[in-house]
Amino acid sequence: MAYQKVSLKKRSGAPKPVSSQIILVPYEDIATFPPRGEEDVLVTGDITLKPQATAIGIYATSSTISRPDNMEGEEDEEGFVQTLSFSHPGNYQEIEEFKQKYLGKPFIAITDECGDGKGKMVHGWNCNPLYFTVEHQRNQEANKTTFNFTQRVRSIFVAGFYQGANPALAPESTGSGTGGL
């Protein structure tokens, strides 16, 4: 769909609450992406997974979720770098296994403003996924992991408004998830 000019009226700049459910799709598990043109911010098809593959649902402390698309680059080299960052409370076996397996690996992520499906965003894209890095805090102030996902290459794309179906999620862990290691 080609861009159509519209006048932009004043709207609120207040932040919107973001659902604490983040969907992480390992890039290697994606079978197909929906089409997206150079000027498209609406992503209307589904991201489909390979047979038996599932996405990973992860809880994020809602107030820590940050998902900017920052522009960078010199004249004639500008592009967007999509990022997603959030904190996850606690320290337990399943979170440590996730960090061990996926550190530095590529993902596509789906976030949703207040779980209403109207502000669902897809971060990362075909041939330009987000890469996972991590920071861990374990002291008298907090026991949490901060997950950071960033594209390594500038792109013409900002995060898209995702109108497709969410991929199937892996089952929830059976551990307590409340204790610390």
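**Ground rules.** I number residues from 1 along each chain as its sequence is written, and I take side-chain values from heavy atoms, with hydrogens and water left out. Because the model is predicted, local features need pLDDT of at least 70 and side-chain atom pairs count only at pLDDT 80 or more, while totals for chains, interfaces and linings use all residues.

**Entry 1: salt bridges.** I looked up the salt bridges (a side-chain nitrogen of Lys or Arg within 4 Å of a carboxyl oxygen of Asp or Glu). The structure holds 3 of them.

I started with arginine 67 and glutamate 113, whose closest N and O atoms are 2.7 Å apart. Arginine 67 sits in the loop between strands S5 (56-59) and S6 (69-72), and glutamate 113 in the loop between S8 (106-111) and S9 (121-123), so this pair ties together parts 46 residues apart in sequence. Strands (E, at least two residues) and helices (H or I, at least four) are DSSP runs, numbered from the N terminus. Glutamate 113 has 17% relative accessibility and counts as buried. I use buried for under 20% relative accessible area, exposed for over 50%, and partly exposed for in between (1.4 Å probe, protein chains only).

Next I checked arginine 154 and glutamate 72, which meet at 3.7 Å, N to O. Arginine 154 lies in the loop between S11 and S12 (160-162) and glutamate 72 in S6, so the pair ties together parts 82 residues apart in sequence. Arginine 154 is partly exposed at 36%, and glutamate 72 is partly exposed at 40%.

Lysine 99 is buried at 10%, whereas glutamate 96 is partly exposed at 24%.

**Entry 2: asparagine 148.** I found asparagine 148 in strand S11 (residues 143-151). Is asparagine 148 buried or exposed? Asparagine 148 is buried, at a relative accessible area of 16%.

I then listed its contacts (heavy atoms within 4.5 Å). Leaving out residues up to four places away in sequence, asparagine 148 touches Leu84, Ser85, Tyr131, Phe132, Thr133 and Glu135.
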